[in-house]
Amino acid sequence: MKETTYNDSFEEKQGKTDFRAAFLKYMARWPWFVASVIICLAGGWFYLRYTTPVYNINASIIIKDNKKGENPGTNLSTLEGLGIISSSKSIESEIEILHSKSLIKNVVSELGLYINYFAKGSLSKVEVYGTSPVTVYFAPQDADRLSSPLSLALDYRAGGKLDVSTTINGKAIDKHFDKLPAVMSSEAGTLTFMLNQQSSNKGSCSLKVVIQRPINVTKAYLEALTIEPTSKTSPVATISFQNTNPKRGEDFINKLIEMCNRDANDDKNKIAENTAHFIDERIAVINQELGSTEEELESFKRTSGLTNISSDAQLAVSERSTYDKLCVENSTQLNLVQYLADYLDTPENAYATLPANVGLNDNTLIALITQYNVLILERNRLLRTSSDANPVIQRLNSDIQNMRTNLATAITSVRSGLLITKTNLDRQASKYAGRISNAPAQERRYVSIQRQQEIKAGLYLMLLQKREENNITLAATANNAKIIDDALADELPVSPKKMMIYLVAFIMGIGIPVSIVYVQGLLSFRIEGRTDMEKLTAMPVIGTVPLAETAIAVHENDNNLMTETFRDLRTNLLFMLGAPDKKVILVTSTTSGEGKTFIASNLAVSLSLLDKKVIIVGLDIRKLGLNKVFHISPKEKGITRYLSAPQSTKLRSLIHPSGITTNLDLLPSGAIPPNPTELLARPALADAIEQLKQEYDYIVLDTATSGWLPTRKS
C-alpha cells in the first residue's frame, strides 16, 4: 500500500510542470543563448552578403479576344468583315502560346541568355549582364550539342588584347588575341569574341563565361515565368518573372511579348498572302483574256462598219440586255466557283488557306471557307509548339479533311445551281433572240463580243478591288498583345528576405541552446537539485548543501554560506526529530563519493555549536573517511576493536577529542577487519550506541554506502 501511494504521488508530481524552475534552468545558461544568437545572426549576415538576390519583374498586357468583342472598331475587324481573314483567338490560348517552350527558347537564343558572364571578385564571382567589355557569340545550334556547360576564362586588357583558356573534351586550349573581334574554332563549335560597344567598362578585367544548352536555360526560365489573367472576365494578363538580374528579366519579358506578336502577325498575314497570290494569278489570266476580247471587238467593228442599231432591234436588245446582265453575273459566279474548285484540288494547297470573299454570292459557301481557314490557321499555330503526333493536330487534320469534303460537296452543289440558273437565263434570252433574228448578223456578232468583254471587264475590276483590300490587310496588321505596363523590376528582392533571414537566425539562436538544454535534461539520469528530489520521492527534503573545498566548512562565529546552510539543515533536522530521546542521526547514500562524511562531520560540528555534547561514529570501516577529515592516524584504535571484543574493551577509551570544539568527540573506525559486514551485524553495535546515548546529546553515524541500521530503536 505504501508503494502504491508513493507511485501515485510520483506520477502526480511528474504531471506538474514547474515553469519557474524550467525558466531558471535555461537562464542559468544565458551565455549559451547570447553566443548562439550572435553566431546565428552573423551566419544570417554572411548568407545575405554572399547570396545573389532574386528580383520579381512584372508587365501587363491586354490580349485582343474576338470571342469577347475586342476586335470591333479596329482595322483588323474591318478586314474580317470583308472576309479576307478570320480570327478566333482566346486569352487562354494566347497565354499558352506565351508560355510555350519553343517561344521561350527562341527568346533565349535571340538574346543570348544561354551565355552568362561572371566578374571575379575578392570572395565570390559576380554575374554581369550587358556590362562585360567582351561579348562571346556561340551559335545556339552548337550550344544544343554540348554535353555539359562550356566554361571560358577570359583575361581582357585595355587595347583589345584577350587571353582565352578553356577545356573542351578533356583537352586544354589557351589562345591569345591581339585584336578584337576574333574567332576561335574548336571541336564544340566556333567561338566569336567581340568588343561590347555599349559597355562603359573599358579597362582590364578577368571574366568567366559559362555557355549552357539553350534548352536547359529555357526550362529554368519556364519555371520562373508566371502568366495569369487579372480576372476571368478581363482581357488583361500579368506576366511575372523572377531573375537574379532585373535588367535581364525586363529584357526577357519585353522580347517575349515582341516575338509573340511577331509570330501572331505572321499567322495573320498568311491568309492575306495566299489570297494575294491567288488574285495575282487570276488577274494575269483575265488580263490576257480581256485584251484578246477587246482586240476582237475592235477588229469586228472595223471590218463590219457598224454605226447605229435599228429601233426594233434596239428594243429587243434592251429586253435581252436585262437577261444578258444576269447571264454575265451567272457566268462570273461559275468562273469563280470553277477557280475555287481548281484551287482546292491542287495538292500543293492541301494545308493552305483558301481565298476568302473573292466575289461569291453564296453565303453558305463563304461560311464554310471561313471555317476551313480557321482550322488551317489553328493547325499551323499549334505546329510551332508541338509535332504532327499531337492528338490535337491529328484531330485538326481529320476536321480539315472533313471540311475539304464538305467544301467540295458545297462547290458542286453551288455549281449545279448556277448551271440550272444559266439554263433558265439562256431559255429566256432565246425568246428575245427570235425578235432580232432579222437583225444583221454583224449586230448579233457585235453583241456577243461585247458581252464577253463585259464579263471579262467585270471580273477584272472585281479582282483589282480585292487586291487593294488585301494590300490594306497586309499594311494594317495589328498586334494581338498590347503592352499596358512595360516590364519593370521591383526595388526590393523577393528572396532572400532580409528581415525573414534575421528572424529565422534569431529564432535558431534561441532554439539551439534550448534544444541542447532540453536534450541534456532528457539524457540526464543524475539528481541535480532539490527539485529533482521532490519530483522523484515523497520523502521530505530537509536541506540542500553546496559543494565546498574544505572538509570542515562550519566554524564557530562564522556567517558564511556553508555555516548558514548547515544551520538550516540542523534546524529542520531537529524539528523533524521532535522528542528529546531521539538522539541518533545516521548519514548514508546510495553510492560512494557523494559526501556522507562531509555532511556527517559538518552537521556534528553545527550541533555541537548549540552547546550540545555530540559524537561522530565512523561506521564506514572500509575507507576510514572520518580519519582523513579529522587527521587521525588509521592505526588508531576505533569502534572495530570494541565490536570485536566488547567484554574486554572499554568504549570510552576509544573516543578522541575532535580538536574543533570541546563539545564534539570522535569514535573512529579503527583497523579494517576482514569481515566488516558481519562485524556491524553484531549486537555489540547497538550496545555501543546505547552507552553513547547515556553520555552524549546527539550521536552522528557516518556509515558506508547503503548503511545498515540497527534493528533496535535508538
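This report looks at a sheet, a helix and some salt bridges in a predicted model.

## Ground rules

Residues are numbered from 1 along each chain as its sequence is written. Local features need pLDDT of at least 70, and side-chain atom pairs count only at pLDDT 80 or more, while totals for chains, interfaces and linings use all residues.

## An open sheet

Three strands form an open, antiparallel sheet, in the order β4-β9-β8. Strands here are DSSP runs of E with at least two residues, and helices are runs of H or I with at least four. Two strands pair if DSSP finds at least two bridges between them.

β4 (134–138) and β8 (182–185) are the edge strands, each pairing on one side only. β4 and β9 (residues 190–195) share five bridges. V136 has F193 as its bridge partner in β9.

## One side of helix α6

Which residues of α6 are buried? L103, I104, V107 and V108 are. Buried means under 20% relative accessible area, exposed over 50%, and partly exposed in between (1.4 Å probe, protein chains only). The four cover an arc of only 140 degrees around the axis, so they lie on the same side of α6. G112 follows α6, and its phi is positive, near 70 degrees.

## Salt bridges

The whole structure has 16 salt bridges (a side-chain nitrogen of Lys or Arg within 4 Å of a carboxyl oxygen of Asp or Glu). K255 forms one with E110, with the closest N and O atoms 3.2 Å apart. K255 lies in helix α9 and E110 in helix α6, 145 residues apart. K255 is buried at 14%, whereas E110 is partly exposed at 41%.

Technical notes:
Side-chain values use heavy atoms; hydrogens and water are left out. The arc is that of the directions from the helix axis to the C-beta atoms.
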